[in-house]
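Please look first at the sequence and the model.

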Amino acid sequence: MILESIVVIGLAILLDLTFGDPKNRYHPTAWIGNLIGIITTRMKNENYILEKFGGILIVLIPVCISVIVLSSLNFSIDLINVESLSILISIISGIVLFKMTIAIKG
């Protein structure tokens with residue numbers, strides 16, 4: 001388990017240093033930013049309580065979407081019965097997901 005984590009971190013950093021982040025609309029961070037922008041414009045209100053509720057939704061909606069996507073990915077990886085294939089897919093998806101969270105070159 002610790003070796004798997006070291007491989008994921010090392011290769012994600014190497015991947016980020018090699019390619020960086022794409023500067024286009026196809027990056028998941030850009031998707032979340034666009035979603036937050038849409039929610040923010042729709043949640044502005046004169047009523048303080050409604051605007052506070054909208055602020056809570058601005059946080060909860062992207063977080064819930066991220067949790068659902070990552071939980072689905074984790075569940076689908078757990079369905080694979082071949083242990084070595086499951087570990088390989090887990091490492092590859094971990095590298096991609098961790099690479100999206102860092103921006104050394106971006």
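Helices are DSSP runs (H or I, at least four residues) numbered from the N terminus. Gly 20 follows helix 1 and has a positive phi, near 70°. The model is a predicted one, in which local features need pLDDT of at least 70 and side-chain atom pairs pLDDT 80 or more, while totals for chains, interfaces and linings use all residues. Residues are numbered from 1 along each chain, and side-chain values use heavy atoms, without hydrogens and water.

**Helix 1**

Helix 1 comprises 18 residues, 2-19. From first to last C-alpha it reaches 26 Å, close to the expected 26 Å (1.5 Å times one less than the number of residues). Val 8, Ala 12 and Asp 16 are its buried residues (under 20% relative accessible area, 1.4 Å probe). They lie on the same side of helix 1 because they cover an arc of only 55° around the axis, taken from the directions to the C-beta atoms. These buried residues pack against helix 4 (heavy atoms within 4.5 Å). The face turned away from the buried side carries Ile 2, Leu 3 and Ile 6, which are exposed (over 50%).

**The largest pocket**

The largest pocket has a volume of about 420 Å³. A pocket is an open set of points on a 1 Å grid where a 1.4 Å probe fits, with protein on both sides within 12 Å along at least five of seven lines; lining residues have an atom within 4 Å of a point. Its volume is the space filled by probe spheres set on the points.

Of its 14 lining residues, Pro 28, Ile 32, Ser 66, Val 69 and Met 100 are closest to the centre.

Helix 3 contributes the most, six residues.

Key
Helix = DSSP H or I, 4+ residues; strand = E, 2+ residues; numbered from the N terminus.
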